[in-house]
Amino acid sequence: MTARLQDQDFTYWFLSEAFGWDVVLQLVWRFDDAVPDADVTAMAVGLARGALHRRIVRPSIPVARPGWVRSDRDPAVRLDDESVTPDEVLDWATRDLETVDLDADEGRCWALRSTRTTTGGSALSLTCLHLVADGRAMTAAAVAAVADTAGVRDDIGAAPTGPSALVGDVGDAARQVVGAVAGVARTAVAVVSDLRSTDSGVARPASVTPRTPAHTRAPLARPSWATVTVPVAEWDAVAQRHGGTRNSLFVAVLAGALVATGYADDGLPVKVGIPMSLRRGDDDQRSNATGGVSISLAERVVPGSDLGGVRALCRDAFTALSAGRRPAMIHLQPLLQVLPLSVVTSVVTGGGSGMPDVVASNLGSFDGLRRVGGRTATDVAFRGTAHHVDPAGTQRFGEGVQSWYLETDGAATFAVAGFDETRVGSAEALTAALSAELTGWDVPHEFW
């Protein structure tokens, strides 16, 4: 068992073990014509050859990390008999996202499903556990499957047995303990450095009073959804015209739409979380290789105004991450991986949810993703959610809005999940807020 959970994987492992949540990602394709069942099945076979098709193996001793082996399950493909209208495709996809039965222990880490529309078209839904892939890894696996270029990963084989399994777990446990000790030392050095910066006149970020708890603002614990497609050429033109980039315009639209709903009427700044890929080239086969940076927007970026400020904030945050400048406590992650789950849960839940008000995830461009067999999709969207969030509990998967931006063959689609039910508690409210923002920026757009 050579492939074990890496640092970024443990977020999703922890959510599953501590809260019972399974974070599930989804790609949705819409076609004007029918995709033959044989092409859907062929895509599933390709996925079964790729990086998503595996099973988690729990270690035999504490502290050692769980590992991955190849799943022996048949390709998970479902071909629906009943058709849906074109306007019902997103509802169909949402039901699949919310109810798909995935289980890493059982080797069911992904599933592919198709349906026909009443107008002769098709829709596809590919779901996948975030534990087994981040957005870029999952989308790359889909591109490889539809292009029939998926290859079996050589670092994921059969589960070791007998003494070799125990020896491997003991060795990994030892490495984990060493990593935890080193992490504590790095944290101490970073804290001292931060204190020296403060003594030298560099101000520490001021603490702010948190908003009303997320579970109070989201009693149903069920997000609303909106999905919109924009032409990349026009998107770029608008961003450049206002001194920004694709990413800074994306941030401005999401934050602006949320603020326009009254979300920030309490006067607090809007915290925007921006995931960033940490992959080191095409040979980096980590399941999750995404780091996060955040920026704080004290005021709304008014549609049509200058994007330079947002661009500068994003650039500085990305530069700091690339240079290795992270919060001191990030070095304690190896320690958290070896502590008892109850202790880690107390630490994580002791300071609130920690979720940004806006999460703006730009997956990048994946040309070729639209083509399945001999058919080309009109558009493709990416999104995600968490299964088994208890409405009666105090933990929530999101705060304000989360969105995933995906480019394919000249079009960009971003799906947006609204979590604050007091502000964006319906698809209609979320769509209206986004449409007004895009119109204000003069971006042509079409909602699904």
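**Ground rules.** I am working with a predicted model, where local features need pLDDT of at least 70, side-chain atom pairs count only at pLDDT 80 or more, and totals for chains, interfaces and linings use all residues. Numbering starts from 1 along each chain as its sequence is written, and side-chain values use heavy atoms, with hydrogens and water left out.

**Overall.** I looked up the secondary structure and got 13 helices and 17 strands. Helices (H or I, at least four residues) and strands (E, at least two) are DSSP runs, numbered from the N terminus. Of the 448 residues, 47% are buried, meaning under 20% relative accessible area with a 1.4 Å probe, protein chains only. The exposed surface comes to about 19900 Å², 54% of it from carbon and sulfur atoms; the area is Shrake-Rupley with a 1.4 Å probe. For contacts (heavy atoms within 4.5 Å) with a separation of 6 or more, 78% link residues 24 or more positions apart.

**Seven-stranded sheet.** What is the strand order in the open sheet of seven? I read β10-β9-β11-β15-β16-β8-β17, with mixed pairing. I take strands as paired if DSSP finds at least two bridges between them. The edges are β10 (290-297) and β17 (446-447), each pairing on one side only. Eight bridges hold β9 and β10 together in the antiparallel sense, and K271 stands opposite S296 in β10. Helix α4 (residues 135-146) packs on this sheet against β9, β11 and β15, its direction at about 35° to that of β11. Helix α7 also packs here, touching β8 (224-231), β15 and β16 (411-418), at about 90° to β8. Angles run from 0 to 180 degrees between N-to-C directions, and axes are lines fitted to C-alpha atoms, for helices over the stretch in contact.

**Strand β11.** I zoomed in on β11 (residues 358-365) and found six of its eight residues buried. Its parallel pairing with β9 (residues 270-277) has two bridges, with G273 opposite V359. Seven bridges join β11 to β15 (residues 401-408), again parallel; G364 faces L406 there.

β5 pairs with β6 (residues 110-116) in parallel over three bridges, and V77 has L112 as its partner.

**Helix pairs.** How do α7 (residues 232-241) and α8 (residues 246-260) cross? Their axes come within 9 Å at roughly 85°, so I log them as roughly perpendicular (65 to 115 degrees). W235 in α7 and F250 in α8 are among the residues that meet. I count seven nonpolar, no polar and two charged residues in that contact. Nonpolar is Ala, Val, Leu, Ile, Met, Phe, Trp, Tyr, Cys and Pro; charged is Asp, Glu, Lys and Arg; the others, Gly among them, are polar.

Last, α1 (residues 10-19) and α11 (residues 341-349) pack at about 105° with axes 11 Å apart, which makes them roughly perpendicular. The contact includes F14 and F19 of α1 and L341 of α11.

Key. Buried means under 20% relative accessible area, exposed over 50%, partly exposed in between (1.4 Å probe, protein chains only). Angles under 35 degrees count as roughly parallel, over 145 as roughly antiparallel, 65 to 115 as roughly perpendicular and the rest as oblique.
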